[in-house]
Amino acid sequence: MVALTSLSPAPPRPSPTPAPPRRGPPPRGRAYSPRGVILRAAAVADATPGADDYHSTIRSLNSRGRHVPRKSLGQNYMLNSKVNEALAAAAGVEEGDVVLEIGPGTGSLTAALLVAGATVFAVEKDKHMATLVKDRFESTERLKVIEEDITKFHIRSHFLPFMKEKYNDTKKRAKVVSNLPYNVSTEVVKLLLPMGDIFSVVVLMLQDETAARLADSSIQTPEYRPINVFVNFYSEPEYKFRVDRENFFPRPKVHGAVISFKLKNAEEYPPVGSPKSFFSMVSVNSAFNGKRKMLRKSLQHLCSSSEIEAALHKIGLPVTARPSDLKLDDFVRLHSHLVEV
């Protein structure tokens with residue numbers, strides 16, 4: 001296996017002057033607009049001491065006898081400390097915050113969160129990386145590292161006691177900030193967004209295309225899926241900025257992007273009797289199982305075609321409506337009518 005020290009990065013491009021951040025995802029169907037923020041790799045030769053550049057990442061990995069990052073775990077390490085600072089800033093991390101970080105890797109984002117004044121609860125699946133982060137920040141009492149797969153980790157059982165201890169039993173909510181492995185992004189979004197009682201905001205680095213799709217809830221588009229209904233039910237998503245793939249090691253095939261989800265409290269959810277019923281039993285999942293079918297066909301296992309047509313008529317939609325024709329509010333109103341049948 002080739003050691004990381006034998007590798008060298010492509011010549012870096014200078015960082016441009018950041019433009020004002022976009023308030024939505026990049027336009028679809030054409031190249032990303034240069035008016036949006038694109039954070040490019042920092043110049044390695046000019047890196048200041050402690051900056052998370054290419055060579056410091058190599059040193060961190062080799063300090064634990066590691067070589068190439070594990071593709072199976074979606075490990076792509078951040079090389080640009082300014083990106084980590086921007087991630088923390090996007091979540092408004094400040095002194096006294098408690099932050100859940102998923103997949104800290106070499107601890108580059110962890111460092112930015114600690115500098116911002118946060119107490120960090122990091123969940124790392126790779127035992128070597130978990131040990132590395134513990135060793136790197138052994139002098140601080142504001143970090144706890146758990147070796148666990150976040151998709152199997154029971155947040156309410158293990159994170160809540162930690163948060164209550166740090167917040168002295170106040171009702172203040174924690175934050176999530178993470179450079180997330182792309183291969184678990186959707187699964188983690190589904191896990192975290194219903195936790196508005198624990199977290200106030202979730203800020204994630206995702207694949208650019210995924211972030212754009214989650215932030216855009218436009219109907220009648222090929223990208224419109226049940227996850228859009230889910231995201232807008234539980235949160236207010238906002239595409240923050242794109243991050244050039246040059247910022248990562250190894251360099252992925254696609255660009256990354258930072259997206260923010262402002263989580264809703266339970267009283268802010270759309271008025272449905274049961275979210276579980278709404279997503280699992282009635283309108284959303286059932287409807288999208290037959291995305292190209294008309295709702296009067298795809299929901300026939302719930303009600304008769306005539307009853308579905310009547311419900312659609314009551315909410316002002318044509319009887320030939322398809323799932324891609326309905327926004328979140330439309331699904332909520334359709335659900336309300338169908339449960340009455």
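Leaving aside neighbours within four places in sequence, Thr 110 is in contact with Glu 101, Pro 104, Val 120, Phe 137 and Leu 143 in this predicted model. Thr 110 is part of helix H3, which covers residues 108–115. With a relative accessible area of 0%, this threonine is buried, because the limit for that class is 20%.

Pro 104 is also listed among the contacts of Glu 124. Glu 124 belongs to strand S4, residues 119–124. Its relative accessibility is 5%, so Glu 124 counts as buried. When neighbours within four places in sequence are set aside, the residues touching Glu 124 are Gly 103, Pro 104, Gly 105, Met 129, Ala 130, Ile 146, Glu 147 and Glu 148. Glu 124 is one of the positions that UniProt lists under "binding site" in an unreviewed entry; the others are Asn 76, Met 78, Gly 103, Asp 149 and Asn 179. Asn 76 is placed in the loop between helix H1 (54–62) and strand S2 (77–78). Asn 76 has a relative accessibility of 24% and therefore counts as partly exposed.

Asn 179, another position in that UniProt list, is one of the residues of strand S6 that are buried. Strand S6 spans residues 174–179, and six of its six residues are buried, so the strand is largely enclosed by the rest of the structure. In a regular strand the side chains alternate between the two faces of the sheet. In S6 both faces are covered, with Ala 174, Val 176 and Ser 178 buried on one side and Lys 175, Val 177 and Asn 179 buried on the other. Strand S3 (residues 98–102) runs parallel to S6 and is joined to it by two bridges. In this pairing Val 99 stands opposite Lys 175. S6 is also joined to S7, again in the parallel sense, by six bridges. Here Ser 178 has Leu 204 in S7 as its bridge partner.

Strand S7, residues 199–207, pairs in turn with strand S10 in the antiparallel sense over seven bridges. Leu 206 is the residue opposite Ala 257 in S10. S10 comprises residues 256–263 and is mostly covered, with seven of its eight residues buried. Strand S8 (residues 235–243) runs antiparallel to S10, and eight bridges join the two. Within S10, Gly 256 stands opposite Val 243.

Arg 242 is located in strand S8. Its relative accessible area is 9%, which means that Arg 242 is buried. The C-alpha atoms of Arg 242 and Ala 211 are separated by 9.1 Å, although the two residues are 31 apart along the chain. Ala 211 is one of the buried residues of helix H7, together with Asp 208, Thr 210, Ala 212, Arg 213, Leu 214 and Ala 215. H7 is thus mostly covered, seven of its eight residues being buried. The buried residues of H7 pack against helices H6 and H8 and against strands S7, S8 and S10.

H6 (residues 185–192) and H8 (residues 226–234) also pack against one another, at an angle of about 35° and with their axes 10 Å apart. Their crossing is left-handed. On the H6 side Thr 186, Val 189 and Lys 190 take part, and these meet Ile 227, Phe 230 and Val 231 in H8. Of the residues in the contact of H6 with H8, four are nonpolar, one is polar and one is charged.

The loop between helix H7 (208–215) and H8 contains Gln 220. Most residues other than glycine have a negative phi. Gln 220, which is not a glycine, has a positive phi of about 60°.

For the chain as a whole, the secondary structure comes to 13 helices and ten strands. Of its 341 residues, 52% count as buried. Among contacts between residues at least 6 apart in sequence, 71% join residues at least 24 apart.

How values were computed. Residues are numbered from 1 along each chain as its sequence is written. This is a predicted model: local features need pLDDT of at least 70, side-chain atom pairs count only at pLDDT 80 or more; totals for chains, interfaces and linings use all residues. Side-chain values use heavy atoms; hydrogens and water are left out. Axes are lines fitted to C-alpha atoms, for helices over the stretch in contact, and angles run from 0 to 180 degrees between N-to-C directions. Helices (H or I, at least four residues) and strands (E, at least two) are DSSP runs, numbered from the N terminus. A crossing is left-handed if the near helix is turned anticlockwise from the far one by less than a right angle, and right-handed if clockwise. Contact means heavy atoms within 4.5 Å. Ala, Val, Leu, Ile, Met, Phe, Trp, Tyr, Cys and Pro count as nonpolar, Asp, Glu, Lys and Arg as charged, and the others, Gly among them, as polar. Buried means under 20% relative accessible area, exposed over 50%, partly exposed in between (1.4 Å probe, protein chains only). Two strands pair if DSSP finds at least two bridges between them. UniProt positions are given in the numbering used here, feature names are shortened, and annotations may be inferred rather than shown by experiment.
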